[in-house]
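Biologist: I'd like to walk through the charged pairs and the domain contacts here. Please bring the model up and pick a starting point.

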Amino acid sequence: MSFTFQIDTTFTDKLPADPVAHNVPRQVMGACYSWVQPKPVQQPKLLIHSPEVAELLDLNDEDCHSDLFTQVFSGNALLDGMKPYAMCYGGHQFGNWAGQLGDGRAMTIADIINSKGERWSLQLKGAGKTPYSRNADGLAVLRSSIREFLCSEAMFHLGVPTTRALSLCATGDQVWRDMFYDGHPEYEPGAVVCRVAPSFLRFGSFEIFAARNDLKTLKTLLDFTITTYFPHLIEDNITTDTYAKWFAEVCDTTKDMIVHWQRVGFVHGVMNTDNMSIHGLTIDYGPYGWLEDYNPDWTPNTTDAQFHRYAYGKQPSIAHWNLMKLAQAIAPLFDSVEALQTILNDYATQYKSAWQDMMRQKLGLKTFDEALVEQLMNNLERIETDMTIFFRKLADISAQNTIEQCIQTISPAFYDTSWQNKASEVWQAWFEDYLGQLKSHAVDNRKAAMNQVNPKFVLRNYLAQLAIDKANEGDLSMLHELFEVLKRPYAEQPQFEAQYAQKRPDWAKEKAGCSMLSCSS
Ligand code: AMP
Ligand code: MG
């Protein structure tokens, strides 16, 4: 049994394996991974797959519609050469060292090299227990799996670095879940997503060995990581200078990822260091959400309701903090931490300049103007304004418009129905300034340029929930339609506007799944 891709075992060949074969929750010492087996499922059914990701893996349409595909990507069968493993990692959760975490509900079924020579790692999420499952079941439910599948592909098409999703299978099994950890568990339909990335190494993959003072494994893992995934950084051989360059690259790609999140209004929700990819990819789609009204203090994660540690506006500084934890983890391999310190300090400056450039583009201007942007953010916050609709509509404004016309143009973005009174006050001054800037230094082809950075279609929280509600009733039409629409987030797609490019309806404001999610999501 096989598909045409070439399975590559470098990861498991080169890194130390857990010598204990028992698949029971425990501390795994001195090893980067444990051998595991997916849990067979009762009635696997492929609900949706991504042809774009299939192509990356050299899988054709026929492969994707085969029974073998469903069996393999639901965890019921293994192809020749597949030897599944779960990775050992630790992490800082909500600012505190949490010790060993690891792939508790994910397992890599294969690493492959495709026909273009690219490396891809294939993980099943929700395929049963591993030594890292602690007291949980290793399973995933349909609602969270739909959220992961849809969002990772939507992010990719938005141009945001992300892990990908190949497939979503229902398992036919029931999973016992307490959605809000409030003592009301229920059975929910189980599902398995196959997610795909160059590797699933996280900041926490390095932190675990530093925390255990296992510098030998730490060095083995870092040397392996650089050799395998960052070979361009090696000149003659690997030295501490190479480590520093590697850390600088992780800082750089992380910075780019966060700038993209801020651009599209994505809130990750659980930026623990175990959820930070060393490739600067958005990873671990749990209680994430999309900004509706512009509110920097908003987080969708009810587990973070008290401190809002991972709110939209804090993502840049949290990423910085997480990078500091990664620097601390690899610091024991250095004689002096000065190089790491300098790189870390540079993150703040580089983030600021990348963010300013992104905001300049969102506004369609040739230069960044601090006062203009600051006033804009104040306005967006003061009058409950839909961020996505606002920026999209802004492209329709022309330098010749009157201020009244400008306000009229952006008015569909206001949630607050009393906007007319308040809006004229706060927007008057801003549009005077903006129109002035448009006259003197708008970018060429401004509307087209703005529409390439300001999406029309994002995975609004309530849309994901509606697709989930329908799927739970057996109707997959919305899941499939949303998936297609979100592949072209910057295109006008007028036929989908009424359904998919509207402000959040009032009923969704406080509804579970729409604005409130927990880590069980
Ligand atoms: P997450 O919140 O998804 O980043 O998960 C944090 C840790 O909890 C990771 O080690 C996960 O593997 C583990 N985990 C989360 N949910 C489950 C589950 N249902 N079964 C086993 N482990 C889980
Ligand atoms: Mg995680």
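**Salt bridges and a domain interface**

Modeller: Start with Lys245, which counts as partly exposed at 30% relative accessibility. Buried means under 20% relative accessible area, exposed over 50%, and partly exposed in between (1.4 Å probe, protein chains only).

Biologist: What are the ground rules?

Modeller: This is a predicted model: local features need pLDDT of at least 70, side-chain atom pairs count only at pLDDT 80 or more, and totals for chains, interfaces and linings use all residues. Side-chain values use heavy atoms, without hydrogens and water, residues are numbered from 1 along each chain as its sequence is written, and chains are lettered from A and ligands numbered from 1 in the order in which they are written.

Biologist: Back to Lys245. Which residue does it form a salt bridge with?

Modeller: Glu235, with the closest N and O atoms 3.0 Å apart. A salt bridge here is a side-chain nitrogen of Lys or Arg within 4 Å of a carboxyl oxygen of Asp or Glu. Lys245 sits in helix 8 (residues 240-264) and Glu235 in the loop between helix 7 (215-229) and helix 8, so the pair ties together parts ten residues apart in sequence. Helices (H or I, at least four residues) and strands (E, at least two) are DSSP runs, numbered from the N terminus.

Biologist: And Glu235, buried or exposed?

Modeller: Exposed, at 66% relative accessibility.

Biologist: How many salt bridges in the whole structure?

Modeller: The search finds 27. One of them joins Arg119 and Asp8, at 2.8 Å, N to O. That pair links distant parts of the chain, 111 residues apart. Arg119 is in strand 8 (residues 119-125), and Asp8 is in the loop between strand 1 (6-7) and helix 1 (10-14). Arg119 is partly exposed at 25%, while Asp8 is buried at 13%.

Biologist: Which residues are linked in a network?

Modeller: Lys125, Glu148, Arg195, Arg202 and Asp284 are linked by salt bridges.

Biologist: New topic. What are the domains?

Modeller: Domain 1 (10-197), domain 2 (204-361), domain 3 (365-442) and domain 4 (461-508). The bounds come from an automatic or database domain assignment.

Biologist: How many residues are in contact between domain 1 and domain 4?

Modeller: 18 residues of domain 1 touch twelve of domain 4, contact being heavy atoms within 4.5 Å. The C-alpha centres of these two domains lie 25 Å apart.

Biologist: What area is buried between them?

Modeller: About 1400 Å², with carbon and sulfur atoms giving 76%. That is the accessible area (1.4 Å probe) that two parts lose on being put together, summed over both.

Biologist: How many salt bridges cross that interface?

Modeller: One. The side chains of Glu52 and Lys487 meet in a salt bridge at 3.1 Å, N to O.

Biologist: Which elements give two or more residues to the domain 1 side?

Modeller: Strand 3 (45-49), helix 2 (51-56) and helix 5 (142-158). Helix 5 gives the most, with ten residues.

Biologist: Pick a residue from helix 5.

Modeller: Ser145 lies in helix 5. Ser145 is buried, at 3% relative accessibility. Leaving aside neighbours within four places in sequence, Ser145 is in contact with Ala140, Leu168, Ala191 and Val193.
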